[in-house]
Every structure is written in structure tokens, then in C-alpha cells.
There are 2 protein chains.
Amino acid sequence: MPYRAQTRDILFLLENVVGFDAVLAARGDGLDRETVAQVIGEAGNLCEGVIAPLQRAGDLHPARLENGQVVTSPGFRDGYRALAEGGWVGISAPEEFGGMELPRSVGMALHDMLAASCLSLQLNPLMTQGQIHALEAHADAEIKALYLPKLIAGDWAGTMGLTEPQAGSDVGALRTRAEPNGDGTYSITGQKIFISWGDSDLTENIAQLVLARLPDAPAGTRGISLFLVPKFLPIPDGSLGDRNAIRPVSLEHKMGLHGSPTAVMEFTGATGWRIGPENGGMAAMFTMMNDARLGVGIQGIGVAEAACQKAQEYAAERRQGRTAGPDGTIDEHPDVRRMLAVMRARVFAARAIALACATALDLEALTGDPAARARAAFLTPIAKAYGTETGIAVSDMGIQVHGGMGFIEETGAAQYLRDVRVTAIYEGTNGIQAMDLVGRKLADGGEAAMALLDEIERAAEAARAAFPVIAGAVWDAAEDLREATEWMLGQPAEARFAGAVAYLEAFALVLGGHFHLAAARAEGTSGARAALARTYVKRLLPRHAALLAEAMQGADDLAGITDEALCP
Amino acid sequence: MPYRAQTRDILFLLENVVGFDAVLAARGDGLDRETVAQVIGEAGNLCEGVIAPLQRAGDLHPARLENGQVVTSPGFRDGYRALAEGGWVGISAPEEFGGMELPRSVGMALHDMLAASCLSLQLNPLMTQGQIHALEAHADAEIKALYLPKLIAGDWAGTMGLTEPQAGSDVGALRTRAEPNGDGTYSITGQKIFISWGDSDLTENIAQLVLARLPDAPAGTRGISLFLVPKFLPIPDGSLGDRNAIRPVSLEHKMGLHGSPTAVMEFTGATGWRIGPENGGMAAMFTMMNDARLGVGIQGIGVAEAACQKAQEYAAERRQGRTAGPDGTIDEHPDVRRMLAVMRARVFAARAIALACATALDLEALTGDPAARARAAFLTPIAKAYGTETGIAVSDMGIQVHGGMGFIEETGAAQYLRDVRVTAIYEGTNGIQAMDLVGRKLADGGEAAMALLDEIERAAEAARAAFPVIAGAVWDAAEDLREATEWMLGQPAEARFAGAVAYLEAFALVLGGHFHLAAARAEGTSGARAALARTYVKRLLPRHAALLAEAMQGADDLAGITDEALCP
């Protein structure tokens, strides 16, 4: 059975769990559930029929560099054209420039399905979407008028260039230079690495947002400015002029995501336009990165969805050994059933967290409510890290469900793990997400965290009569998390950071329990979602205790880990 | 820095933690620690200098099928020759047939280092070693005299053929036929899949142990016999006669382990010799499989070692961001330090479990002691599953330590994960290991399990004064495990199986704590190993509680997981 778009799960979450109706109400423009369902259904049809069939070709026939130009995997051009012509690149972009102007939550639903279909191709419009938002927020009217219609139509693509060999997680160490040309433009010189979709043949032009230093800029992140550097210099009428001095030098050989060209890009006096103030590039870049972080979390969830479906399908057909059930298929073995249930329960939790984050972003954009802003900011690193860890863990279990066939590339299960592995690394490693959570996102004295915990406990109280076991487990875990949060607030950075990854995962587990409980309540005690919620609180949620114990260890034990201890 | 053989860690474990001196004493032939250290040192030199450099070529240039013959990766022939000529294939084989006749524990130490160096190549002598043991135990004198010297010298290789498309985990479903030829030999017809090193150009001959059915054999595993089927029919003087009717039909495209040819083998009336009684093939095969199971656990540990070293090296050189330490390298970031410490602590625990299992096997072989036999049998599935899960988890963390470079194949970190992934699947998936543990290995009424728990608690008591925190944590965890073991003993199979994987991992965690404590005691409170033990009990051991909670859930929640819950 081929991939089936997860429209039902997404719509159930939007309508019953993550409070999407508040977004519709805040818009007040008549957009309703039915229209949203119709849009998501159409997106699902496109993913099932056009995008998902490209998945394996992208892996087998990686994008390649030929005569200084990236040639994409077979079928990618047609798949991308269908996406662009359907208007999907600009799903959340302003109508003024040709976008659908649908809520971010709906855009994330689209990308969940696109990622499940073909992660390599999906990364292209995901990057473009991030650039659209960044230009919307930071570019001047002329740039907007020139670029946004092209990007939104999918005629041009957008990407971003941050990383340099010596400047990865530490963006402030970058060296690419920007010299004023005297006519308002800049001359950009330097080399960027790990540029996803830095070049391709999918679109007639590619606009790159590049971080660089002006002459005499201060050291570190305070001396970084942002520039828009197109592959072809646009003429104001929107047609293309000269080739810019920017070119792909090489493509990386990667563990996965072969269909997505990861380029080293060389800038030799390329013409660029400054976006945002001098030395103020980091703020603009953060717009794009924050956007991308939630988007990358969704990537993990989409791939996990696809891995789930493939494992379920295999397990429902493969016969091996005696089972207690009527079909004799391996999904009747308790251990296989356990894996399938845990995979599905985890995908649900991660998706709920990501959509809750998207909904908060929508509310923030529509109402300017500071509570929505704080909620979105707090949930973003969790959605990114837990979504991508879910992609990895679920793909890995998917391989295991397949037994020996899981290790054979033709099966497709291994590709999910190979593709999704990078999502825990790019747009800020998951360690950096966790440090962001216990650092910047707790810098409000814990207000955003405690607001979430209050909400979780209130909901658990309200559900306790109907779901005593699930609600009790969620409430108890939230209390443990509250204690750990208070501990974190009293610690110096070093101690927080040593427990950051464990704290983030525990927070995600508790949020997942909360959303499972909400789903169970919406469907009733005898529903399938209540059964899944029970498995979640029995088999996944209990891990929060060990995670929180680790989160509260501080860094003292690590101080005792000498190099000798590491190299015995 | 290239791979450094882990001789120090292995010798420390043998001498201080897993009771290897009892093996030396039981031999009573003068073999002493110094000689063992010398042998392991020489093996380490070979691995560092000759085998480890082959690792990447095996990945880049997979074994291929050309004109019906497997051509191996560049350099593999020379590497294998060095191994064979050093006598390493027969490290644990009887002197009578040319082997070194060293303890199994020492053989496992060799394979730990070989696996760290080049897993694809190591799998070849690992399979041969298993065949040597199987023939030793079950073949008649003529077969032994003909095959063992060749296998032990590494002139011929051994492999095994169990799996058929419809018969994977369920070996009893196999269909390959064996018809008596009337001269004591048999004619074998059928197809076997997933045959590791089923064919190659490393050796002049390859002997395959094949499971097949005699005419009118009973259904299921009771109707299976074992046959030795060589590629070339040997003449009694040891030279090679005619080509046998066995050939590789195709090789698999795998996620990793590219240097190891995984063949579909076709038998078209191939001549075979029966090993062991008619319809009694499973017992003989289990000799080989049990051997292989511990060996596969060691594979995981070896790869984890290599992944650890690579991550440590990278983290000690890469500068990125401000750190609290003097060097500014990323191993001074608390979260990176945490990953490195957890990786190392986990490798130590898994290696200790595997070597404790090997030591018990040695004692069993030397003394026939039923307690040693039961201990070895109980530890085997734990060593296999936890060793391979450690290989996967540590390789995965190794990628993460490398950041973006981890996803680039040239770095080598990704290859470890791709290679080692299969070890959780072959020789019985880890789910099957866990079912073996809670089924067959608890069928003694828990005697072997309780003997281990008694030993753990006694040691913890004895260490409590010097190491109150570590010993206290280990003792408490052992008590929790005792309770879960008693619960398991009272449950029907379905309920045990639903918690089997969690129970096995918890048992491994507690054993790991026990061995870390022993290491800390051997080195003293201020030693590096005590520091590592502290990190282990703080950051890894606490997970046992959630695992045991899951282990004791039974299968009830899974019964509620309808297909609807899986496919929302």
C-alpha cells in the first residue's frame, strides 16, 4: 500500500486538541474548518499522487553538479512544478503578493505531509517559505515587490547561507565579507558550506540570504549583517539579468537526503542587497531560523509518519511464527504490536506539540498577545528537538519491525532513518535547542513554562473522573516537571546545560501525555485514541522520571570525567 | 588520530572485573595474564595497522558479483591474508587442528578490536569461528580432519544458511530439500537468502552449514537437518575437486556493511554432508547461533568503541563557541561532555557484560559446571541485544557530536551507524533475544537470574562503605529487578513477551552498574573509572525504573490497540 496522507490525524488535532478554532476566530474573515479541511485534503492528494513517488529516485540518483550547475534527481522538476503551480509554496504568504495567506498551522500541516512524501524535495519549499517570512518582516518595499511574488509563485526559490567551515553552531565566527558598492548594493566575498538547495534546476532563480561582515564591523554576532544574493540579478520588471558571482563549488556526499543538494557556495564579489540594519543581521536571520526550526521539527514528524505507515503495512502482511491472533501476521506478536503502538503514540505526541506551537505562532501574529508569543517561543525548541528525535527513533523502530528486510535499501525503511538523521543536527543541533530552552526560554523566570504546566494540570484535573489512570499519570509527571523547572531556575548556566537535553525530552513527554489525554477526552473512553493514550502513559511517559533525575544532576559528575576516563 | 586498539580496557576488564583469572586457573596449563596480554597486544597491532585502514574502502566499493563470483572490496584480500597468516581465525580453536586454543574470552577480545576496525571484514572470520565450533561439537572425525585444519588456517571460510524468504525468524518454515544420494552424501536443493559472506574471493573454498529437510521429515523445527555444503568438493588429501552446485545469485543493496557480501545462494542438487543426527539439525545449528549471538553483541561493542574514539577525537580538536575550559574545544561544552561520557560509560558496561558471558562460556567448557552454563546461557541474549543496541546508540551519539560533519560520509561517523544497524536484527532480532530471555532463560524458575542478582547485591554491599552512592544505586536497582523477575515468573508468555525488550534492557543496565562498581573498586575512589561509574549510575542506570514499569505492564494495553488506533 503506498503512502496515505495523514489528513485525518492532522484535522483531528487541529479541531480537537491544539485549539485551532481560536485562530479561525481571531482571523474573523470567514475562514472555517470546512475550507481548511478541503485545503489539507487537496494537499494530501498532491502528496500521495505526485510527491511520494519521488522518494526513492531522490535517494538512488542524488542531485549532482554538472558544468557548474546542479542537476536534480529524476522527477523532481515535475514534482516541484506541481507544487508551485498549486500555489503551495506560498500557502502562508500574504495574498497581497499572491499567497494563500492561510494560517501557519495549515502550512505546517502541508509540510508534515510533504516531508512524509519526499523529505529531500520538501526541504526546498520549506526554505523558500522561511525566506518569504524573513523578507516580509525585514525587507524594504522595493525588495518585497520584486522578490515576494516570484518566491510565492515558486518561480524562484529561497535558501540561506550561514555556515562556514569555522562557523557552524558559532555563527558569530563567520568571515564572509560585504563591501559597499556605493550604489546601495554590496559586494559579497567568501565561502559558505552546508547550503541546502544552494543551487538547483528546479527554479529559474535562487535567492540566498547570506550573513556577512561589513568593513570594520564589530567582532562576533554583533558585527553581522544580512544580504540577499540572487543567482541571477533581477531587473525591476521581474525578468532576469546577468548571472551573479555566486556558484556551487561542490556537493556533499551525505548519509541521506541525497535528493537535496547540499552545496559549498562561493561568492566572488557577488552583488547583494542588505536586508535590515547594518550589523543587525542576526535578528533578521532569527526570523528565518525560528521559522525553520519548527519546520524542521515537522520534517521529523512527517518522516516518522511515513516510517510508521510502512512498518504497519509490512507487519500486517508478513507471516512468521505462531501468533495468538487470527491472521498469523507479525503485528499479532506482542513485541511487534508494542513497537507499532509506541511508534504511533510517539508520532501523535510530537505532531500535537508542533501544531500547538504553530497555533501559538498564528495567534501571536493575529493578536500580538504576549502570552501566545511566549508560548510559541517556548514550544519551538521542544517541537524541533522532539519532532526530529521522534523521526529518528520511529524510523529506527520501523527498520526493526521489518527484520532483515529493514536493512535492505529496496524496502525503503532504511532511507527514512538516513534522511531524517540530519534533522537533529541542522537549524541548531538538538543540544542547542535544549540550551535555548533552559537558557533563553527560561529567562522569563519560568513564566512560560509554568503557564504550560498550569494548563496541563488543569486539564488533567478536569479529565480525572473519566480517565483516572491517564490523567493521574499526566498530573504527577507535570508536578515532577514543575519541580525540575524550579531547580533549573536556581542554577547557573553550566549546570542547566548539563541537564538540558534530558529536561527538554521530559518536557516533551509530559506535553505529549497532555495532548494524548485531550485526544482521549475528545473521542471518549472506549475510542482508539484512548487506547493509544494508555499505551503512551504506560510505555513512554514513565521515562520522564529518569530524564528529570538526569536533568537535575548538574555538571558536577561531568567535571570528574577526565580525558583518561574517556580514553581508557 | 587513527583508531587505537582498546587493549587496555579489555585487559582491565579481564583482570579486574569479569573474573578471567578463574579461567586461567581452570586451564591449569600455565597460560598466564602476561601471555594473554601479549596476544591481545599483537592482535591490537594488526587491527590498528592492517585492518582499520580498510574500513572506508569497504563502504565505498561494496563487494560485487561478477561472472557468478563475488569480488571483494579493495584491500580486503590482503587484510584477510594477514589475519589468516597470523593464525587469528583459529584463536580459540583446538591445537590438534592447528588452532591457538586460547580461551573464548580472548577470542572475543580479538573480535571486539576487529569489529572496531572493519566490521564488514570481521564478519567473515566470525562466521568461520562459529562453524569451527559447530563442527568440533557435532561433526564426525572424518569431516573434522578434512575441514577443521583448513578453516582454522583461514584457507577456507565458513558461513551458515538458515534464512529463506518465508522462513526468517521462524526457521521451522524452511523448505530447502536434502535427498540421500545413497553414498552417505545428500543432494541439496533450494534457495537461501541473507547469507553473509555466502561467496567471496578471500578464500579458496567456502563451507556452508545449511539447514534443510529430508524427505518425509516432520513439519516445523523437528524436521530440520544440518548439512555441510562446500563450494568446491574437497578431496581427502585436502586439495580441491569439482565445483559444487551452489552459487550466489545476487547480492543485497544494504544500508551499511557494504564490504560484506550478503548473498542469495542457490542450491541445485549440491552435494552435502549431514552434520549431526537426521532431523536433529536445530541443536547443532544452535551451537553455531549461540556462538554467533555473543559474537554479534561484540560486533556492536567494537563499533561503539570506534564511534567513541572518533567522536572524542573530533570534540577534542573542534573549536566552536565559548567554553568554560582552557582549550575552547567543544568537548568542554557540558552537553558534549555529557554525550562523550555517556557513550564511554555505555561501551564499558556492554563490553563487561559480553566478556562476563565469554568467561562463563570458558568456565563451562573447562569445568562443565552447570552454574557456569546457566550463567552463560542467561547472559548470551543480554550480551547480544545490549551490545548491539549500544553499537547503535553510541554510533548515533557519535554522529551528533560531529554536528553537520556527522552527516557527511567522508567523516566516517555515519558509516558506523549504517554498518552496525543490522546487528540488532541478524542472528535473531533483539526482540527475539528478549523473548529468549524471559522465556527459555527464565524456564529454570529464575535460578540463573537470581544467582546473578545475589552476586550483584553481595558486591554492592561489600562496596557500600567506599562507594555509597554508586553501590546504593546498584543495590536498589537490583532489588527492583528482582521484583520484576518474580513478576515475570508468574506470567503467561503473552504478558512476558510484551515486556521482554524492556526487561532485558533493565537487566543489562543493572549488570552494567555492577561492573562499573567493580571497576571503580579495582581502581579506587579517585580514579577515572570511579568517575565514569558515577556518571553511569546518575545518567544511565535511573532508566531501569521506567523500563521495569513497562516490563510489568503485561499485554493488556496492547490488546486495546486496534488497527484504527495505529492508522488514525
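A word on domains before anything else: their bounds come from an automatic or database domain assignment. Keep in mind, too, that this is a predicted model. With that said, chain A splits into domain 1 (7-151), domain 2 (158-283) and domain 3 (437-568).

**Domains**
- Taken over C-alpha atoms, the centres of domain 2 of chain A and domain 3 of chain A sit 39 Å apart.

**The nonpolar core**
- The largest nonpolar core has 373 residues, and the ones touching the most other members are A:L135, A:Y503, A:F507, B:L135, B:Y503 and B:F507.
- Helix α10 of chain B, residues 334-367, gives the most to this core: 20 residues.

**Cysteines**
- Look through the whole structure, over all chains, and you'll find zero disulfides.
- Take A:C118, which is in no disulfide: its nearest cysteine sulfur belongs to A:C47 and is 10 Å away.
- A:C118 is also buried, with a relative accessible area of 1%.
- For B:C308, the closest cysteine sulfur is in A:C567, and a bond is ruled out because 8.5 Å between the sulfurs is too far; the cut-off for a disulfide is 2.5 Å.
- B:C308 counts as buried as well, at 1% relative accessibility.

Technical notes:
Residues numbered from 1 in each chain as written. Chains lettered and ligands numbered in written order. Predicted model: local features only at pLDDT ≥ 70, side-chain atom pairs only at ≥ 80, totals over all residues. Heavy atoms only, no water. Core = buried A, V, L, I, M, F, W, Y, C linked by side-chain atoms within 4.5 Å. Buried < 20%, exposed > 50% of the residue type's maximum accessible area, 1.4 Å probe, protein only. Helix = DSSP H or I, 4+ residues; strand = E, 2+ residues; numbered from the N terminus.
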